[in-house]
Amino acid sequence: KPMHPRAAIRKAAAAALASVGATVYQNRVEPFISTSWQEDLPAINVYTLDESARVFADAGNRTYERVAQLAVEITVAANESTDDVLDNLAELVENAITQDDSLAGTCSQLVLVSSRMGIKSEGEHVTGACLILWEATYYDSLPRTSNLPNLSGITTKVQPHD
């Protein structure tokens, strides 16, 4: 079954980050579902947020230009050097992601949009975080006929209405 374009973008971004020196997860939940997640820091979570779409072409299957927000969130242990560690990791992440502005052909354009630094308190654990956002533009035709189930075995019965 073909992968949704957003999933392909996340997978390509995670692959680009393999050499950064942190554990990379292709979702926003791991490593935080583990009771010992602090041992996995620094961690990088790759996920998508909002997406906009507009009609790009209307011949045959309608083609949309879609712009997905690609989020890369870095989480580190909080201490006196948290900001420096986040800045260094953010630079590594930005360099790794922008080496290929099509993310292995999964999008037509990738543009850095913003970065946000912060501190998070998870119970007794305090972490530093940096959320880096990109806009990933891709084109998609709907419906994606290759993803639709084969409905040839379905029968319908019409009953007269009184």
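Glu65 is placed in strand β3, strands (E, at least two residues) and helices (H or I, at least four residues) being DSSP runs numbered from the N terminus. The model is a predicted one, in which local features need pLDDT of at least 70 and side-chain atom pairs count only at pLDDT 80 or more, whereas totals for chains, interfaces and linings use all residues. Residues are numbered from 1 along each chain as its sequence is written, and side-chain values use heavy atoms, with hydrogens and water left out.

With a relative accessible area of 17%, Glu65 is buried; buried denotes under 20% relative accessible area, exposed over 50%, and partly exposed the range in between (1.4 Å probe, protein chains only). The side chain of Glu65 makes a polar contact of 2.8 Å with that of Arg54 and another, of 2.7 Å, with the side chain of Tyr139. A polar contact is a pair of N or O atoms within 3.5 Å; within protein, one must be able to donate a hydrogen and the other to accept it, and residues adjacent in sequence count only if both atoms are side-chain atoms. When neighbours within four places in sequence are left aside, the residues in contact with Glu65 (heavy atoms within 4.5 Å) include Ser52, Phe56 and Thr137.

Strand β3 belongs to an open sheet of five strands, ordered β1-β2-β3-β5-β4 with mixed pairing; two strands pair if DSSP finds at least two bridges between them. The edge strands, each pairing on one side only, are β1 (23–25) and β4 (109–122). From one strand to the next, the twist averages 25 degrees. Strands β3 (residues 62–77) and β5 (residues 125–142) run antiparallel and are joined by 16 bridges. Across this pairing, Leu70 stands opposite Trp134 in β5, and Ile74 has Cys130 in β5 as its bridge partner. Strands β4 and β5 also pair in the antiparallel sense, over 13 bridges, with Ala129 in β5 as the bridge partner of Gly118. The hairpin of β4 and β5 has two residues between the strands, and Gly123 there takes a positive phi near 70 degrees.

Arg6 is partly exposed at 24% relative accessibility, and Glu51 is partly exposed at 25%.

A further salt bridge is formed by Asp140 and Arg66, whose closest N and O atoms are 3.1 Å apart. Because Asp140 lies in strand β5 and Arg66 in strand β3, the pair ties together parts that are 74 residues apart in sequence. Asp140 is buried at 7% relative accessibility, as is Arg66, with a relative accessible area of 12%. Arg6, Glu51, Arg66 and Asp140 are linked in a network of salt bridges. The side chains of Arg62 and Asp58 also meet in a salt bridge (2.8 Å, N to O); Arg62 is partly exposed, with a relative accessible area of 33%, whereas Asp58 is exposed at 53% relative accessibility.

Note on methods: Axes fitted to C-alpha atoms, helices over the stretch in contact; angles between N-to-C directions. Salt bridge = Lys/Arg side-chain N within 4 Å of Asp/Glu carboxyl O.
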